[in-house]
Amino acid sequence: MSTENVLFDAPGPRARLRHNVLTGVGVLLLLGGLWLVYSKMSERNQLQGYQWSPFVTDSAVWSDYLLPGLWETIKAALISMVLAGAYGLVFGMGRLSHLTWVRWVSGVVVEFFRSVPVLLMMVFFFFGWFATATWLPNQYAPLAAVVLGLTLYNGSVIAELVRSGVHSLPAGQAEAGLSIGLSPGQTMRSIQLPQALRAMLPALIGQLVVILKDTALGTIVLYPELLTAAKTLGSGYANTVQAYLVVALVYILINYTLTKVAGFVDGRVKRRQRGGGGAAPLPVTAAAEG
Amino acid sequence: MGDILSNYDILGAFWVTIQLSVLSAVGALVLGTVLAVFRVSPVGVLRFLGSFYVNTVRNTPLTLLMLFSILGITYILQIPFSQEASRNAYWWAVVMLAVYHAAFVCEALRSGVNTIPAGQAEAARSIGLTFGQSLREVLLPQAFRGAVAPLGSTLIALIKNTTVAAVILGTAESAGLLAQITENEGASLPTFFIFALGFVILTLPLGVGITSVSRRLAVKR
């Protein structure tokens, strides 16, 4: 059901006229915005060929700057995602444990890391720990800080997803497991978790978008990711504005694709759910902030 | 520990956090509401504008927006808020936080509208309410109730994201100040916990409050 059907009647002649006027206003708004950007850019000589052409003609722009930066971004995001998944699973199950103290400790850990900004963690891990650590080769210090910060925050978000995924299952699932003689732990592992994980899948992909965006914070702890690459590229080729715009486009394309994939998986999970019961998918949008 | 508290203006940094949060939350709410109206309007161009904005901004890292506001917009396009560098960075930080979170506010409001079953609008029409009446008496009250929880989590995300302003505000902001203290005085877990505690105090009660309010307001279906 599309939203306009809920809010609006089918338009009559007067409403159609009003819509046409509003369409005109919208087009003016769009053109006005584009003109503003164009005039400001040309006023400051930002539309010169030499600032834009390197992205197409000079392969060094990609091979020496942007692609290595993109690789570092993706590397940090993937490592963090895997570690955050493991962490989230452990603490999510901890929050569901039948032992009070386990539940309590996991709850405190998860709530703490969820309410501390990722950047504070990265900054502290980097300047306070990894940058001066003797056991860690110096070039890995920024990566370690970025990954640890992202893991602790996103792992805690995933732990909450695990918990709400299990809670959203019909109570009969756990009762059936217990009544055929499985222990609470076995019921959790072989009945509840698999279903909860399937319901979580779209939200997990949404979380990957959050992680990917947050790797850009790495620029503050000197991690040579995509945003840092844009900065060096911009000062090397005297095209800062252009470099940032192109890199923004790269981020948008990747994240938009991931969001679409999440939506697709969401639809599949919903279809399967209609077919044979089980857990409803958790909402993606709630997790996609940060 | 006492030295750190007296030598560095930690409270001042958190005051900046609170200022940034309040100012940009107001900005994000206004802009996000306009965008949400665009996105649910029956006019195709406005819907396109709304969804283009949301898809662009939501998929761009906030850090990029912050850096671009200074390195790109202020230095090269020459659109400063103030000739004084720190004032300029402060206001650009507010603007970029508002611009970024407006996309999430828009989606929160839209998801509130989406919680309304079509039967509600149909029932309102069939008892003879006009368009304005059904919007005012039936649809919008339900939409706002449904939007409380997602709006609340956007606000909490915004408060935490003010730390990203450290890339342009430096030590005036809490994350920048923590970096400076840790670099100068060496790592100290208590210092980190003071900063972390500041954010726990700012966000945790808010989260608990919002959950209980949204439960109380939830429309039983």
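A: Two packed helices are described by the angle between their axes and the distance between the axes. Here helix α2 (residues 10–40) of chain B packs against helix α5 (residues 85–114) of chain B at an angle of about 45°, the axes lying 6 Å apart. Axes are lines fitted to C-alpha atoms, for helices over the stretch in contact, and angles run from 0 to 180 degrees between N-to-C directions; helices are DSSP runs (H or I, at least four residues), numbered from the N terminus. This is a predicted model: local features need pLDDT of at least 70, side-chain atom pairs count only at pLDDT 80 or more, and totals for chains, interfaces and linings use all residues. Residues are numbered from 1 along each chain as its sequence is written, and chains are lettered from A and ligands numbered from 1 in the order in which they are written.

Q: Which orientation do α2(B) and α5(B) therefore have to each other?

A: Angles under 35 degrees count as roughly parallel, over 145 as roughly antiparallel, 65 to 115 as roughly perpendicular and the rest as oblique. α2(B) and α5(B) are therefore oblique.

Q: How many residues of chain B are in contact with chain A?

A: Contact requires C-beta atoms, placed from the backbone, within 7 Å. In this model 55 residues of chain B are in contact with 50 residues of chain A. The largest share of the chain B side, eight residues, comes from α7(B).

Q: Which residues does A93(B) touch?

A: Leaving aside residues up to four places away in sequence, A93(B) touches L20(B), M66(B), A165(B), I168(B) and L169(B).

Methods. Helix = DSSP H or I, 4+ residues; strand = E, 2+ residues; numbered from the N terminus. Contact = placed C-beta atoms within 7 Å.
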